[in-house]
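Please look at the structure below before reading on.

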Amino acid sequence: MVEVTLWGALGQLAGGRSKVEVEAKDIRELFRKLAEQYPALEPWIEKGIAVSIDGVIYRDTWGKRLPEGAEIFLLPRLAGG
Amino acid sequence: MNFDPRFSGRKFASVGTRPVRPDGVDKVTGRARYGADFNMAGQLVGRVLRSPHAHAIIKKIDTSKAEKLSGVKAVITAKDLPDLTDGDAGMYDVLDNCMARTKALYDGHAVAAVAAVDARTARQALKLIEVDYEVLPHVTDVDEAMQHHAPLINEATFTEGLEEKPVKPSNVTKRSQFGHGDVHQGFGHADHIIERSFKTEQTHQGYIEPHACVASVNLDGTAELWVCTQGHFVYRQHCAQLLGLEASKLRVTSSEIGGGFGGKTHVWAEPVALALSRKAGRPVKLVMTRDEVFRASGPTSATSIDVKIGARKDGTITAAEATLRYTSGPYAGTWAEIGAMTAFACYKLDNVKTVGYEVLVNRPKTAAYRAPSAPMAAFAVESAIDELAKEIGIDPVEFRIKNAAQEGTRSSYGPVYGPIGIGPTLEAAKNHPHMKAPLKANQGRGMACGFWFNFGGQTCVDLNIGMDGSVSLAVGTVDVGGSRASLSLVAAEELGIDYSQLKAIVADTSSLGYNDMTDGSRGTFSSSMATISAARNAIKILRDRAAQMWDVPVDDVIWEKGHAIAKGEKYGNLSPLSLKEIAAQSGKTGGPIAGHSELVADGAGVSFATHICDIEVDPQTGATRVIRYTVVQDAGKAVHPTYVEGQYQGGAAQGIGWALNEEYIYGKDGRLQNPGFLDYRIPVCSDLPMIDTQILEIPNPNHPYGVRGVGETSIVPPLAAIANAVSNAAGVRMTHIPMSPPRILAAIEAERKG
C-alpha cells in the first residue's frame, strides 16, 4: 500500500482528497487502480501525469517500482523549451 | 528497459574534454543546410495570407481570383485542412492556429495560403484573395483580459480548477494552486513583510533562423518533409494526424537549426505546406518572413504577478505567497501553472502558496521559451527576496543561503528534494571575486537564483561500427546546442576509442525509432543515456566476435580501453584485439557490428543556478550598460564543458535582452507594432560583456555519468538579477520588465518627486 499525494486540480476530481492510498507495485498499476477508484482521473492519466518518487520525477517510465514507504506525488506533466 | 541508469562514479578519459565541434566546419563555410537551404525538383513557393485584425469573424473567403492567376498551382483555406483531431482539444487548437477556421484570433493568424511558381506570383495571388471579416472587440493585456467586461475570446471557455463550477464563460481557462502549510499563520510570525506587484511583457525567443520547410506529398499517400525543428518525430506525428497521413509514410528530416529555444516545438507552417503540396501535386517550400515569425509563431507569456514574503528579524522566511497571471494567446495553456510550481522552488518554506491563472488574449499562441514561465516568476520572487533582505539588513546572498532548499526540504511544488545544488551555487557566488569587485558611481550589483525541472523522455540511438573501425552514431534528438559532439564523447568513452573515430548524425524519422522533442534540457541527458546503452550492446557483440576469432568462451573476454582482452593466465600469449581489428573481420564472424538502444530516460534531476551582474544606469537618460555578468550553475557532469559554458552564456544573453529591451508592443488596434529586429531589439555582441561562467558538478544519481540538463536554467535568474542590479544602481525598485530607458527614467523621476 502506498500513499499518493495529488496536486490541487487532481484532488478535486478525487472527491476533494489530497491524499489517497493505493495498493500498487509500480506506476502502471498505480494509474490503473486510480482510474478504477476515481474514474474522473482517467482522462488526466490518458493526457499524461508525472509521478515524483522520493523527489525524482518520472513522466513515462510506467514500469518504475514504487518502493514501500516512498513519497509518491502526482504532478502535472510539464514540457520544457 | 534493461539498463541501469544509476551514477557509477567512474573516471573519464573522453568525457569532460573539449574537442572541436563536428558541425563547425560546415557552419563556418556555409555548407550546413538549414531549413531554407533544401530544394526539390519542380518545387513551388508557398505564401500565407494573415489576418490584419486582432479578433474577427471570418464571414467569407473568396479565392477564385487568386486561383485564376497564371502560375498559381494551389490555394487553400481551412476547408483543405478538415478536422481530423477526433476530439483531441489540444490538437484542434494546433489545427485552428495553423489555419483559422471561423475566427481570426490575433494579428497574423493564417486564413489562407497559396502555392505558385515563384514568390512574386504567390504574393500577387495573396492580394487577390478576398476575406470578408466582421471585426470584434479585442483584448491583449493580461489584467484587462481577466476583467468581467473584457471581450470573450472563446465563449465556450469556463474556468477549470475552481471549487464551484462557473456559470459564465471567461478568458481565464484554468486556476491552479500549489503549496503547503498555512501562509496566514506564517505571515503572523513575520517581523517584516514585502508585498509587491510585477509585470513582464511578452518576448520572442528571437532565433535567427525563421521557420522553414519543404513538403512533398505523393499520390500514393507517402510524403516527405524537410524542416527546421526541435523535434522531427513529434512534427511527423502532428502533421500526420492533421493531414490524415500514416505516420510511417511521412518521412521527416530535420535540417540544421539556427536556434529554437522552445519556439520550434510546435507546427505552424508545416501542415500548411503539406496541404498545399497535396493540392498542387508538387513540392512546396514555405519560409516565414521575420514579420511572420514575430506575428504568428509562438512567443512567451506576458505576465502580471503579485508576491508577498514575510520573514523574522533573524532572516528566516515564515511565509511566501504569489498570484501569477500568464497569457497563453487565444488557446488554453498551462504556463501559469508552471510559474506557480517554480516560483519558490529555491527555498525552504514551511508556509507557501502559489496560485496560477491561465489567461486568453488576442496574441499569438504562446509557446515554450527556455525554462518556460520560470524566468517571470523568478523575477517577481527574487526581487521581493532582495528587497526583504535589504529591509531586514541582511546581505542578500546570506539571506538566500539561510533560506535555501536542501536535501530533505519539501519543495514549494510538492515533493521532497533529493540531493540538489542550490546551496553550492550560492556558496560559489558568495566566494566569487565578482562579489567583491568595487563598483563605480551609478553602478549597481544584483544577484538572483533560478530553478528548472529538466526532463528526459523517449529516446532511440543506433551505433554502427564500420569495417575500417570507424563508428557512426545515429541519434534522434535534434542537435540544438552541441549534442553531436557530447554524444560522440560519450560513445568514445564507452567504447574506449578516440573521439576522431566517431561521426554523429541526426537520423530522419524513417531511419530510427521515435524520439521525443529536444526540449526540457533533455538532448544530452537522454541521448547520452541511450548512447551508453547502445555502446554497451555493441561491446557485447565485439566481445563475442573476439571470442570467435580466438576460439575461446565469450565469458573469458572483457572489454578495456578499446580492446578485447582474454582474461586469465591460460590466454597469456593472446594479444588484445582492437576495435579496428575486430571490425575488419566482422564479415567472417557474423556480419555487421552495431549497438541499438531504445529507452525512456527519466530522472533528469532538477537544476539550480545563481547569477551575479553589475549594471550601470545613466540617470539622465535611463540607459543601461551591463558591466559584468557571472553565471554559476550545476551541470551534474559537463560532458563537453565548452558547450555547457555556451549554454550558460546563451541563457544569460537572452535574459539580458528580455530584462532590458525586448517586448511585444501592441497598438490600440491590437496589431503588433514592432515585428522586426530593428524595433524589437535583441542584444548583440557589442551590448554584452564577456559572460563569466562557473560550472559546478554535483552528480545526478539517475544518470551513469551524473549528467543533468543545462540548457534552460541559465535563463531563469537573469531578469531578477538585472532588476536587482538596476534597482540598486538607480535607487528605485523596478517592477516592470523590460527595464527600457523610458521605464527606468520614469521610475527615477517618480522617486525624485516622491
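Helix 3 of chain B (residues 89–98) is largely enclosed by the rest of the structure, because 7 of its 10 residues are buried. Buried means under 20% relative accessible area with a 1.4 Å probe, protein chains only; helices are DSSP runs of H or I, at least four residues, and strands are runs of E, at least two, numbered from the N terminus. The buried residues are Met91(B), Asp93(B), Val94(B), Leu95(B), Asp96(B), Asn97(B) and Cys98(B). They pack against strand 5 (110–116), helix 7 (232–243) and helix 8 (269–280) of chain B, where contact means heavy atoms within 4.5 Å. At the start of helix 3 of chain B, the backbone nitrogen of Gly90(B) lies within 3.1 Å of a side-chain oxygen of Asp88(B).

The model is predicted: local features need pLDDT of at least 70, side-chain atom pairs count only at pLDDT 80 or more, and totals for chains, interfaces and linings use all residues. Residues are numbered from 1 along each chain as its sequence is written, chains are lettered from A and ligands numbered from 1 in the order in which they are written, and side-chain values use heavy atoms, without hydrogens and water.

| Item | Value |
|---|---|
| Residues of chain B in contact with chain A | 33 residues |
| Residues of chain A in contact with chain B | 21 residues |
| Salt bridges between chain B and chain A | 1 salt bridge |

The salt bridge joins Arg410(B) and Glu71(A), with the closest N and O atoms 2.6 Å apart; the term requires a side-chain nitrogen of Lys or Arg within 4 Å of a carboxyl oxygen of Asp or Glu.

Terms used. Buried < 20%, exposed > 50% of the residue type's maximum accessible area, 1.4 Å probe, protein only. Polar contact = N/O pair within 3.5 Å; in protein donor to acceptor, adjacent residues only side chain to side chain.
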